[in-house]
Amino acid sequence: MVHRPHEVTDFQEDIHVVSNAQGEAIGVIAIHSTALGPAAGGCRFWHYDSHADLTADAIRLARGMSYKNALADLPLGGGKAVLRRPEGGFDRAALFRAFGDAVESLGGAYITAEDVGTTVADMERVRERTRYVAGLHAEPGKSGGDPSPWTARGVFEAMQAAARFALGSDLDGLTVAVQGTGNVGAALCRMLRAAGARLAIADVDRRRVDALVAELGARAVSADDILAADADILAPCALGGVLNGRTIPGLKARLVCGAANNQLATEADGEALLARGIVYAPDYVVNAGGIINVSAEYLGEAPEAVERRIGEIAPRLTGILEVTARDNLPANIVADTLARRIIARGQRAAA
Ligand code: NAI
């Protein structure tokens with residue numbers, strides 16, 4: 001079944017419903033754009049109240065992938081899969097095989113990989129049904145594997161550059177509040193600690209926080225208080241929508257730079273950050289490391305290409321922040337405009 005959404009005005013392509021072996025809808029694959037290449041983006045496996053909420057999330061995430069891939073100079077369009085995590089027990093292998101069938105049915109228009117709630121093992125199940133998947137176990141000397149460390153590396157380097165730009169300082173001695181200490185957040189915390197930053201951390205999973213408090217001497221903050229924690233930098237590394245009309249007035253950090261996709265609840269929230277003098281590093285600019293690694297795996301590029309492309313994230317961000325400061329424009333608008341231009345060029349070239 002295919003239907004076109006109405007919530008996002010620049011949505012260009014399709015929504016495909018994913019069904020399990022019993023024919024029940026278990027999620028969607030949203031393809032935002034294939035102007036620059038096959039739509040690539042991970043598979044989120046999470047709890048949703050309704051199919052409409054899940055679909056809206058997939059659409060927003062797919063658009064973010066289009067913009068992210070375009071700005072990272074990858075030959076890829078943007079898409080995303082979102083699957084609803086069943087309550088209670090379920091057959092995980094069967095669920096991801098069914099998802100693999102759905103990916104295969106699109107004939108290469110969409111390439112999947114990990115996102116929140118999915119693992120390398122899940123992608124191996126998907127691989128049993130389709131070759132349009134990356135984020136598999138890496139073979140020696142080749143790109144691949146869990147993209148999270150690469151995402152963390154790009155965020156870390158971007159944060160270094162943004163701190164110099166916005167705070168005139170290296171990370172040494174600054175306090176970074178990290179919301180979400182999962183795959184990316186924990187790896188980022190280790191890099192930040194090694195660079196001399198102080199850490200304030202929160203996760204709804206208390207065990208993850210306790211482990212990092214013990215390992216890194218981080219300060220534990222409750223999940224309710226982390227966004228307004230006393231810190232120089234806020235790094236959202238959990239879920240989207242955390243920068244909104246309710247939270248922005250209480251932020252104490254002067255810079256926001258983190259891995260989470262869709263950190264701004266609405267476009268206008270970028271303006272609200274600017275009005276408060278808070279520098280925002282657009283999420284999809286800084287968190288491109290994972291898709292860069294996924295893309296290299298899929299396209300058969302060497303690990304050196306991954307290093308090179310990730311090294312371009314920090315200077316790209318600095319360029320965007322310079323335009324933001326020069327023209328007094330929200331950073332999300334500057335980044336979106338650049339990305340749309342690149343996608344439009346791809347569309348014209350394909351026409
Ligand atoms: P993950 O699932 O490993 O970690 C997310 C963590 O956030 C979990 O520990 C979870 O308990 C925690 N969390 C959820 N809600 C929270 C809340 N309200 N307060 C505090 N903690 C909360 O996911 P991962 O892979 O680390 O991704 C984190 C974010 O980065 C996501 O938004 C993801 O879309 C984004 N991202 C991840 C990439 C990757 O390579 N893994 C690539 C690009 C973006």
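Which helices each supply at least two residues of the lining of the largest cavity? They are helix 1 and helix 8 (283-286). Welcome to a short tour of this predicted model, in which local features need pLDDT of at least 70, side-chain atom pairs count only at pLDDT 80 or more, and totals for chains, interfaces and linings use all residues. Residues are numbered from 1 along each chain as its sequence is written, and side-chain values use heavy atoms, with hydrogens and water left out. Helices (H or I, at least four residues) and strands (E, at least two) are DSSP runs, numbered from the N terminus.

**The cavity**

- Searching the whole structure turns up one cavity of 30 Å³ or more; on a 1 Å grid over the protein atoms alone, a cavity is a set of points where a 1.4 Å probe fits but cannot get out.
- The largest cavity holds about 40 Å³ of space, where a volume is the space filled by probe spheres set on the points, and grid points are joined across faces, edges and corners.
- Its lining consists of Arg60, Leu61, Gly64, Lys68, Asn261, Asn262, Asp283 and Tyr284; lining residues have an atom within 4 Å of a point.
- Helix 1 gives the most to this lining, with four residues.

**Aromatic pairs**

- The structure holds three aromatic pairs; rings of Phe, Tyr and Trp (its six-membered ring) pair if their centres lie within 6.5 Å, and planes under 30 degrees apart count as stacked, over 60 as edge-to-face and the rest as tilted.
- Phe45 and Phe96 make an edge-to-face pair, because their ring centres are 5.2 Å apart and their planes stand at 75°.
- Phe45 belongs to strand 5 (residues 43-46) and Phe96 to helix 2 (residues 92-105), so this pair ties together parts that are 51 residues apart in sequence.
- Phe45 is buried, with a relative accessible area of 0%, and Phe96 is buried, also with 0%; buried means under 20% relative accessible area, exposed over 50%, and partly exposed in between (1.4 Å probe, protein chains only).
- Tyr67 and Tyr284 have ring centres 5.8 Å apart and planes at 65°, so this pair is edge-to-face.
- Since Tyr67 lies in helix 1 and Tyr284 in helix 8, the pair ties together parts that are 217 residues apart in sequence.
- Tyr67 is buried at 3%, and Tyr284 counts as buried at 8%.
- Phe45, Phe90 and Phe96 form one aromatic cluster.

- Six strands form an open sheet in the order 10-9-8-11-12-13, with parallel pairing; two strands pair if DSSP finds at least two bridges between them.
- Strand 10 (219-220) and strand 13 (279-280) are at the edges with a single partner strand each, so one side of each is left without a neighbour in the sheet.
- Strand 8 (residues 175-179) pairs with strand 11 over four bridges, and Val178 has Ala235 as its bridge partner.
- Strand 11 (residues 233-236) pairs with strand 12 (residues 255-256) over two bridges; Ile233 stands opposite Leu255, while Leu234 has Val256 as its bridge partner.
- Ile233 and Ala235 point one way from strand 11, Leu234 and Pro236 the other way, and all are buried.

**Strand 3 and its partners**

- Eight of the nine residues of strand 3 (residues 25-33) are buried, so strand 3 is largely enclosed by the rest of the structure.
- Strand 2 (residues 15-19) runs antiparallel to strand 3 over five bridges, with Val17 opposite Val28.
- These two strands form a hairpin with five residues between them, and Gly23 in the turn has a positive phi of about 85°.
- Strand 3 also pairs with strand 6 in the antiparallel sense, over six bridges; there Val28 stands opposite Val82.
- Gly78, in strand 6 (residues 77-84), counts as buried at 0% relative accessibility.

**Positive phi in loops**

- Most residues other than glycine have a negative phi.
- Asp73 has a phi near 65°; this residue is found in the loop between helix 1 (51-71) and strand 6 and counts as exposed at 54% relative accessibility.
- Asn262 has a phi near 55° and is found in the loop between strand 12 and helix 7 (268-275).

Methods: On a 1 Å grid over the protein atoms alone, a cavity is a set of points where a 1.4 Å probe fits but cannot get out, and a pocket is an open set with protein on both sides within 12 Å along at least five of seven lines; lining residues have an atom within 4 Å of a point.
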